[in-house]
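Hi,

Here is the structure I promised to pass on. Have a look at it first, and then read my notes below.

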Amino acid sequence: MDFSCAFATSSNTPAHVELAETLGYARAWLYDSPALYPDVWMILTRCAERTSRIGLGPGVLVPSLRHPMVNAAAIAELVSQAPGRVAVAVGSGFTGRMSLGQRPMPWRQVAEYVRCLKALLAGDTAVWDGARIGMLQLPGFGAQRPIEVPILIGADGPKGLAVAAELGDGVFSAAVPQPDAAKAWRALLCFGTVLDEGEDLASPRAIDAAGPAAAVLYHAMYERGGADAVDALPGGRGWREAIEAHPKDERHLAIHTGHLVKANPSDAPHIADLIPFAASMALTGPAAQLPDKIAGLAAQGVTEIVYQPAGSDIERELTAFASAAGLAD
């Protein structure tokens, strides 16, 4: 089992990745949602400059945000800065698209994009938008082709898993393990907080740290399952009514504000009710309970836990999880 970390990309992420390296995390994945966070490639470059061992990569890239040549050129430069440390995850888009008022991309388009990206990195000529394209960068302008970079597919359902089986080196899933994935590399994005001795889920610190991920249950259930799905969650009806008070063409802005960073105004009144439910699916609990939860994920085929710290004290969250998971052992 590898232990990696993920970040809602921020200007402070390079310092957090530097800390993660000292704590023993294997890799740092940074989110690609430009409506919410700074440009992922700019921050990854800064991370590369401050580290020497930890793996680095975007998780997950959303193809519709950039021409494949743009991502290929960015990968080439990051590889030249951090050789042997780069991996890339690509998906159909959750907040990266929904925060722009768009639905996730069809998987056939994702597959087409990944094929093009892989061809470019291999040094081959590809076809995109009806034109033949290839990487023309001379030495000193990015890593030389072929560029061998693992590409994981951000998949949580059968269509995505099929793309991963055909084109990916692994699967990057969120919250729910994918034991049927055809690839041996199965990274799972996990959330939660390590409780202090005697601390309960209602403490202000626990709510601050666990609340952002818990709120995403509202966001995801509403976007994917509609009113009935979100109403079934603790506090869900009140959350939905607050969201639906916004004009329909601006509702996505209200839903996704603060995604995985801070509970937004619609989330905050209901988070305390939701956290106990969310904690059952998260890596939340006293340090002594975390090894059993981790073992349960390993038994479901997870090979890489990708832990995202949240809240006001990212350093504390990274350190506490690393200790509970035994990264220094």
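Let's start with burial: 54% of the 329 residues in the chain are buried, where buried means under 20% relative accessible area with a 1.4 Å probe, counting protein chains only. Keep in mind that this is a predicted model, where local features need pLDDT of at least 70, side-chain atom pairs count only at pLDDT 80 or more, and totals for chains, interfaces and linings use all residues. Residues are numbered from 1 along each chain as its sequence is written, and side-chain values use heavy atoms, leaving out hydrogens and water.

On overall shape, the C-alpha trace spans about 55 × 50 × 35 Å along its principal axes. The chain holds 12 helices and 12 strands (DSSP runs numbered from the N terminus: H or I of at least four residues for helices, E of at least two for strands). Of the contacts between residues at least 6 apart in sequence, 67% join residues at least 24 apart; a contact means heavy atoms within 4.5 Å.

D32 sits in the loop between β2 (27-30) and α2 (40-50). Is D32 buried or exposed? D32 is buried, because its relative accessible area is 3%. Its side chain makes a polar contact of 2.9 Å with the side chain of R66 (a pair of N or O atoms within 3.5 Å, one able to donate a hydrogen and the other to accept it; residues adjacent in sequence count only if both atoms are side-chain atoms). The D32 side chain also reaches the backbone nitrogen of V62 at 3.3 Å. Beyond its neighbours within four places in sequence, D32 touches several residues, including V40, L65 and G96.

Cheers

Notes
Buried < 20%, exposed > 50% of the residue type's maximum accessible area, 1.4 Å probe, protein only.
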